[in-house]
Amino acid sequence: MNASANAPTIYPKRYFAASPTFNAWNKVTSKIIHHDLHTERGFEGQNLYFYHNHPIHYVRIVGILVDIVTRGRNGEYTILTIDDSSGECIDVKITSLATVAGNEKGYASNTGVENVDVHVTLGLPTLYLNFQPVQIGEVLEVKGTISVFRKERQIELKRLFLVPGTNAEASEWRKTALWISTVLSRPWVLADKERDAMDKRIKREEVDEKKMSNRRRAKDAKHDEERKRYEEKREAKRKRAESRMNEGALKGSSILPTPWD
């Protein structure tokens, strides 16, 4: 899974937990998502992208809400269009819950994100965050994973926050610039010592899992054996009871005559 000789090493997935980006909300821009993240052979179908050799699974952008539309025959999806001033906009997909009619109160929200609701009135969708309507032009912090729709990358929403005011927006932009310059722009180098330590840990976990699996199998086998003995005892008890009931009965009394006999 290595690229050319001049490209940084793409490490096997078992080492990704040591990466500073794999389990992080990566502060990026829409332009980076559209143009700078790339896929690697061997990781297809995993919603996994790379910035240089950094594995990227979760992303976070900050930008202005410029549009809201619904998609699907019954409005199963809501699409937010976000402009983060990077030169590219990006769509953010929100999935609606399939609620049971008359039982909507059983859910924290009507979407797959706990504090996000979408209500449609006269065909126009309104986004609610923490039960408060969000207006076009407000600044949002969006967190999610990347998917593709009609060959265009989009964000599958996992978390949503309102950015209160220009000072907070500027602060979030500084965080993005810092993350790009100090983390993403520097190739990820996994030291031999760290890799050896991870190999040992993975080996221990495999051994522990094997032991646990063996214990589960032994426990299941013991349970099956105990159940078998219990069933055998119950059947023997039933046969003894049946034998006692039949003692002293007249010969042929167990045969019920039919009306035409």
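User: Let us start with charges. How many salt bridges does the structure hold?

Analyst: The predicted structure holds 10 salt bridges.

User: Which residues are linked in a network of salt bridges?

Analyst: R60, E141, E172 and K175 are linked in such a network.

User: Take R60 and E141. How far apart are the closest N and O atoms?

Analyst: In the salt bridge between R60 and E141, the closest N and O atoms are 3.4 Å apart. This pair links distant parts of the chain, with R60 in strand β4 (residues 58-71) and E141 in strand β10 (residues 139-149), 81 residues apart.

User: Is R60 buried or exposed?

Analyst: R60 counts as buried because its relative accessibility is 1%. E141 is buried too, with a relative accessible area of 14%.

User: And what is the distance for E172 with R60?

Analyst: The closest N and O atoms of E172 and R60 are 2.3 Å apart, and the two residues form a salt bridge. E172 lies in helix α2 (residues 166-184) and R60 in strand β4, so their pairing ties together parts that are 112 residues apart in sequence.

User: Why does E172 count as buried?

Analyst: E172 counts as buried because its relative accessibility is 13%, and the cut-off for buried is under 20% relative accessible area.

User: What does E172 touch, leaving out residues up to four places away in sequence?

Analyst: With those neighbours left out, E172 touches R60, V62 and E141.

User: That leaves K175. Where does it lie relative to E172?

Analyst: Both residues lie in helix α2, three residues apart, which is about one turn of the helix. K175 forms a salt bridge with E172, and their closest N and O atoms are 3.4 Å apart. K175 is partly exposed, at 37% relative accessible area, whereas E172 is buried.

User: Which residues does I82 touch?

Analyst: Not counting residues up to four places away in sequence, the contacts of I82 include S30, I61, G63, I64, L65 and V66. Also among them are C89, I90, V92, L140 and V142.

User: Where is H52 found, and how accessible is it?

Analyst: H52 is in the loop between β2 (49-51) and β3 (54-56). The residue is partly exposed, with a relative accessible area of 39%.

User: And what about the phi of F131?

Analyst: F131 also is not a glycine and has a positive phi, of about 70°. This residue lies in the loop between β8 (124-129) and β9 (132-134).

User: Is F131 buried or exposed?

Analyst: F131 counts as exposed because its relative accessibility is 64%, and the cut-off for exposed is over 50%.

Terms used. Residues numbered from 1 in each chain as written. Predicted model: local features only at pLDDT ≥ 70, side-chain atom pairs only at ≥ 80, totals over all residues. Heavy atoms only, no water. Contact = heavy atoms within 4.5 Å. Helix = DSSP H or I, 4+ residues; strand = E, 2+ residues; numbered from the N terminus. Buried < 20%, exposed > 50% of the residue type's maximum accessible area, 1.4 Å probe, protein only. Salt bridge = Lys/Arg side-chain N within 4 Å of Asp/Glu carboxyl O.
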